[in-house]
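Subject: Structure for your files

Hello,

Here is the structure I said I would pass on. My notes follow it.

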Amino acid sequence: MKKQKLYWVLLGIFFLTFPFLVKSDYYQHLMIITLMWVVIGSSWNLLAGYTGQVSFGHAIFFGVGAYTAGIFVTKLEMSAWWGMMFGGITAMLIALFVGWVCFRLRGPYFALATLAGGEIFRLIAVNWEGLTDGMVGILIIQDFRSKVPYYYIALALAAVCIWVIHVIMKRKWGYYFVSIREDQDAAASMGINTTLYKNISLLVSAFFTGMAGAFYMNYMGFIDPDVVFSLHFISIMAILVGIVGGVATIWGPAVGAFIMVGLQETFRSSFFGLAPKWVSQGHALVFGLLVIFVILFLANGVVGDWKKIKRNVFRMRESH
Amino acid sequence: MDVFLQTLVAGVLIGGIYSLIGIGMSLIMGVMGIINLAHGQLMMVAMYITFVLSHYLHLDPYFSLLVAMPSLFLLGMFLQKYLLNPLIKVDSILPENQVLMTVGIGMVLAEIARFIFSSDYKTVQTPYSSSAFFIGGISFNLAMSIAFLFAVAFTIALFWFLLKTDLGRCIRATAQDKDAATLMGVNSSRITIITFGIGSALVAAAGTLLIPIYYLFPDIGGPFTLKAFVITILGGLGSTVGAIFGGILLGIAESMGATYIGMGYREMVGFVIFILVLIFLPGGLKRLTKI
């Protein structure tokens, strides 16, 4: 137990001092993106893993958050950092509507409804040129040249997100969420207002995803509908981060984010320039194969199936 | 008035093909209770088969129905047998892992197509692609009309199969109550495999029929998967009859949207219908008939 605490402290020190340990802009950038995915994956996990409502449309909230921040600059001529505050809140408002429509459906049909929702928002962002500038996208000037401030903001966001989810899951709400996942009818017959608690789960999830979107706008300085409302690279990626790491575990999505961003970058850069160029085209193919592999063999993710991995891959415990 | 009628005709003709896509999806959904998110991608595979046959062997697209449909039938059976059915035994927290699996299959199919054919847009030019005939001042695109007739023929054949043959009865029994059907001696896992094959073959037919009037690229599957889903929601989940009307209604709505609102919103019409149906008519058209 003491040893475990030591590991946590070391891990905390590593994350706090990371920008001083690694000076390379490239690796700092990867770390920032990973932390952003920790936020998105964890909030997806709250809705899908704990509450059992598998969302295929987290790009809705990410994109709405990002566009909120962008519109603060282009239309209101205020700092995009206001968007950090309002991005999450706007995403929550949108989530109220999404929940009102989509929670009429259950299970796979809910999943599909959110998927269609993501496409609807992408088309709105493309066609409503007066507000979003359509396919041109939104370009803003970043406030900081150094990546260090962004790193700490992303770190704080990820830490707060994981902490909030951890607290929620320890309280009564958390038990309600899990009971809805396990058996919605039984939960309802026990007197739990399932629609209300599904909506609460969705709102918290949307809030953090919207914050992550607003952060993305601030950090990258450019968005367009196909980037932030992308089905494959936001919605599906959020699912992958969740299931690779392990659904319904606190640290699963965090681990998943490191694996997925690492994998994505490895393939995008053709194994950091070591492999022939055509490998970089295959990163979406690897994504697909990974989905199939993970579902067939690691249904509960790296964290959830850690014991199984230990047993089968490292042959630990059994050899003694 | 002419514009309206013309739009209506174009909508009904494309709606016939949409129905074919929707029926395949409904059939799979009815029997297995899952949504096949690789549906559009299977259509894309069939379209590439047709493209290769007509580009390299100069075969008529309608002739390649004879190749595309059996190949997709086999591909569908393979996917169901080796990727989807084993999942029933996997213990997982998320019940939706079969749906996720179809997403993975769809991504892999699209990326393989991109590897082989690159992301370029392809078309197949046929003499009848742009020819039309006129009935009372309304023009009927020849390729679209042929496609519509084929779609009707396939639908009738499918219903004959489902209603009159033993295998068809087994499929309907499995869709109604899987456990009861198993108790009556139906091999339900074999039925799911065959059903997935039939659904894939139907969507293959739709893809091949679309080729003369449409273009082709690896990501074409996604939008059609969503269309199929909108159709099944519109028609009522798992209802094949509903899917026919849902498909035609979607076709009409899309072409009306394109004519009267604007081409950019053509894709959005389907989604707006989708939301309206969910809010005002949950259960879809099936609810109206009480069948």
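From the N terminus on, the elements of chain B run α-α-α-α-β-β-α-α-α-α-α-α-α-α, that is, 12 helices and two strands. Helices here are DSSP runs of H or I with at least four residues, strands are runs of E with at least two, and both are numbered from the N terminus.

This is a predicted model, in which local features need pLDDT of at least 70 and side-chain atom pairs count only at pLDDT 80 or more, while totals for chains, interfaces and linings use all residues. Residues are numbered from 1 along each chain as its sequence is written, and chains are lettered from A and ligands numbered from 1 in the order in which they are written.

On confidence: the predictor gives the complex an ipTM of 0.78 and a pTM of 0.84. Chain B averages a pLDDT (the predictor's confidence in each residue, from 0 to 100) of 85, and 97% of the residues score at least 70.

Chain B

The C-alpha trace of chain B spans about 60 × 45 × 40 Å along its principal axes. Its radius of gyration is 19 Å, which agrees with the value near 19 Å for a compact globule of 291 residues. The radius is taken over C-alpha atoms, and the globule rule is 2.2 Å times the number of residues to the power 0.38. Of the 291 residues, 54% count as buried; buried means 20 or more other C-beta atoms within 10 Å of the residue's own, exposed means 12 or fewer, partly exposed lies in between, and C-beta atoms are placed from the backbone. Among contacts in chain B with a separation of 6 or more, residues 24 or more positions apart account for 77%. A contact is a pair of residues whose C-beta atoms, placed from the backbone, lie within 7 Å.

One residue of chain B as an example: B:I193 is found in helix α8 (residues 188–210). B:I193 counts as buried because it has 20 C-beta neighbours inside 10 Å. Leaving out residues up to four places away in sequence, B:I193 touches B:M77, B:Q80 and B:K81. B:I193 and B:D219 are 26 residues apart in sequence, and 26 Å apart in space from C-alpha to C-alpha.

Chain A

Chain A has 17 helices and two strands. Its radius of gyration is 20 Å, close to the 20 Å from the globule rule for 320 residues, so chain A is as compact as a globular protein of that length. The C-alpha trace of chain A spans about 65 × 55 × 40 Å along its principal axes, and 47% of the 320 residues of chain A count as buried.

Where the chains meet

The contact takes 37 residues from chain B and 32 residues from chain A. On the side of chain B that touches chain A, the elements giving two or more residues are α4 (97–117), α9 (221–235) and α11 (266–280) of chain B. The largest share of that side, 11 residues, comes from α4(B).

The core

The largest nonpolar core has 193 residues, and those with the most contacts inside it are A:L240 and B:I21. Such a core is a set of buried Ala, Val, Leu, Ile, Met, Phe, Trp, Tyr and Cys residues joined through C-beta atoms within 7 Å. Helix α1 (residues 2–32) of chain B gives the largest share of this core, 15 residues. A:L240 touches A:M260, A:F287, A:L290 and A:V291, not counting residues up to four places away in sequence.

Regards

Definitions and conventions. Two residues are in contact if their C-beta atoms, placed from the backbone, lie within 7 Å.
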